Amino acid sequence: MAETILKIENVCKHFGGVYAVDGVNMNIHEGGIWGLVGPNGSGKSTLFNTILGLHQPNSGDIYFKGQRTNKLSPHQIYDLGLVNAFQVPRLFPSMTVLDNMLVAARGQQGDGFFNSVFFREKWQKQEEELADEALDILELIELRKHISSLSGELSGGQRKLLEIGRGLMAKPKLLLLDEPAAGINPILGKRIFQKLQDLSHSGLTFLIVEHRLEILFEFASWIYVMDKGKTVAEGNPKDIVQEPAFYQAYLGK
Ligand code: ADP
Ligand code: MG
């Protein structure tokens, strides 16, 4: 049995009288694609923001690899390897695709005076390694032939892919994605999920909010259903579609 990477215990996040997240429980194991679905307003994005430390929960606890994170800053949580693809600094439209990838890498030496004079060789080697990594990821997300394009010239779908690529440059252990297939044609959407699934087999874990259930359910290993701030059902994609709570969430009372 794979180890737990993210444990969420009875987490609540209220905004005044709005119970956006109102008792969520999850137990996510290392590896695989974990889906989070639910109708609009059910609290998915608020839950993501709470996991990322952008909101403090009103109650409940969140553990990442056994460490309690709900008192940590977003930066500290990011440093543990819990990354949101859309949290990495925004795309720079007037920079090339490759440069956008390179600035998203973590732990760069930078090219300050000290580094450029005294550590030139080490620094150049690191730059080359990062560029190789970026090229591999760009190949994976089918943007390699666009490395010299300005990111502002990409289509909406390609920009989404580049955001995912930038998330991967941060070397996450758990990558959160909010609707990666939105605005992408279904065939490309499927190819992306296929690639995320391949990556997940090498130990990377994904937690993905996706409205296009037919794509998500083909590749996810486990689905959580949220409704009105609560996790109301969970199961593998085949079984979840048999759950009354799943239909109730989407069809209302
Ligand atoms: P989802 O992502 O599932 O569509 P959200 O988490 O965005 O749902 O929203 C859940 C509920 O919380 C909604 O009723 C929304 O209006 C409310 N909400 C979200 N963020 C805030 C906020 N910052 N302040 C007040 N209410 C919020
Ligand atoms: Mg949302």
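This is a predicted model: local features need pLDDT of at least 70, side-chain atom pairs count only at pLDDT 80 or more; totals for chains, interfaces and linings use all residues.

Labels and their cut-offs

Me: Why is Lys125 called exposed?
Reply: Lys125 has a relative accessible area of 51%. With a 1.4 Å probe and protein chains only, buried means under 20%, exposed means over 50%, and partly exposed is in between.

Me: What makes Glu129 and Lys125 a salt bridge?
Reply: Their side chains meet at 3.0 Å, N to O. A salt bridge is a side-chain nitrogen of Lys or Arg within 4 Å of a carboxyl oxygen of Asp or Glu, so this pair qualifies. Both residues lie in helix 5, 4 residues apart, which is about one turn of the helix. Helices are DSSP runs of H or I with at least four residues, strands are runs of E with at least two, and both are numbered from the N terminus. Glu129 is partly exposed, at 41%.

Me: How do you know that Asp22 and Lys230 form a salt bridge, and is Asp22 buried or exposed?
Reply: The side chains meet at 2.9 Å, N to O, so they pass the distance test. The pair links distant parts of the chain: Asp22 sits in strand 2 (residues 18–29) and Lys230 in strand 10, 208 residues apart. Asp22 has 18% relative accessibility, so it counts as buried, while Lys230, at 36%, is partly exposed.

Me: What about Lys190 and Glu218, and what makes them a salt bridge?
Reply: Here too the N to O distance is 2.9 Å. Lys190 belongs to helix 7 and Glu218 to helix 8 (residues 213–219), so the pair joins distant parts of the chain, 28 residues apart. Both are partly exposed: Lys190 at 37% and Glu218 at 43%. A search of the whole structure finds 10 salt bridges.

Me: Where do the domain bounds come from, and what are they?
Reply: They come from an automatic or database domain assignment. Domain 1 covers 1–81 + 172–253, and domain 2 covers 94–167. Their C-alpha centres lie 28 Å apart.

Me: How do you know that the two domains touch?
Reply: Contact means heavy atoms within 4.5 Å, and 18 residues of domain 1 are in contact with 9 residues of domain 2. The size of an interface is often given as the accessible area lost when the parts come together. Between these two domains the buried area (what two parts lose on being put together, 1.4 Å probe, summed over both) is about 1100 Å², with 60% from carbon and sulfur atoms. Tyr78, Ile192 and Lys195 supply 35% of the area that domain 1 buries against domain 2, more than any other three residues.

Me: How many salt bridges run between the domains?
Reply: The count is 2. Lys195 and Glu142 meet in a salt bridge at 2.5 Å, N to O. Glu142, Arg191 and Lys195 are linked in a network of salt bridges.

Me: What makes Thr46 buried?
Reply: Thr46 has 13% relative accessibility, which is under 20%, so it counts as buried. Thr46 lies in helix 1 (residues 44–51). Not counting residues up to four places away in sequence, it touches Lys13, Phe15, Ala20, Val21 and His55.

Me: Why is the phi of Asn10 worth a remark?
Reply: Most residues other than glycine have a negative phi. Asn10 is not a glycine, yet its phi is positive, near 50 degrees. Asn10 is in strand 1 (residues 4–15) and is partly exposed, at 47%. Lys228 also has a positive phi, of about 50 degrees, although it is not a glycine. Lys228 is in the loop between strand 9 (222–227) and strand 10 (230–235), and at 60% it is exposed.

Conventions: Residues are numbered from 1 along each chain as its sequence is written. Chains are lettered from A and ligands numbered from 1 in the order in which they are written. Side-chain values use heavy atoms; hydrogens and water are left out.
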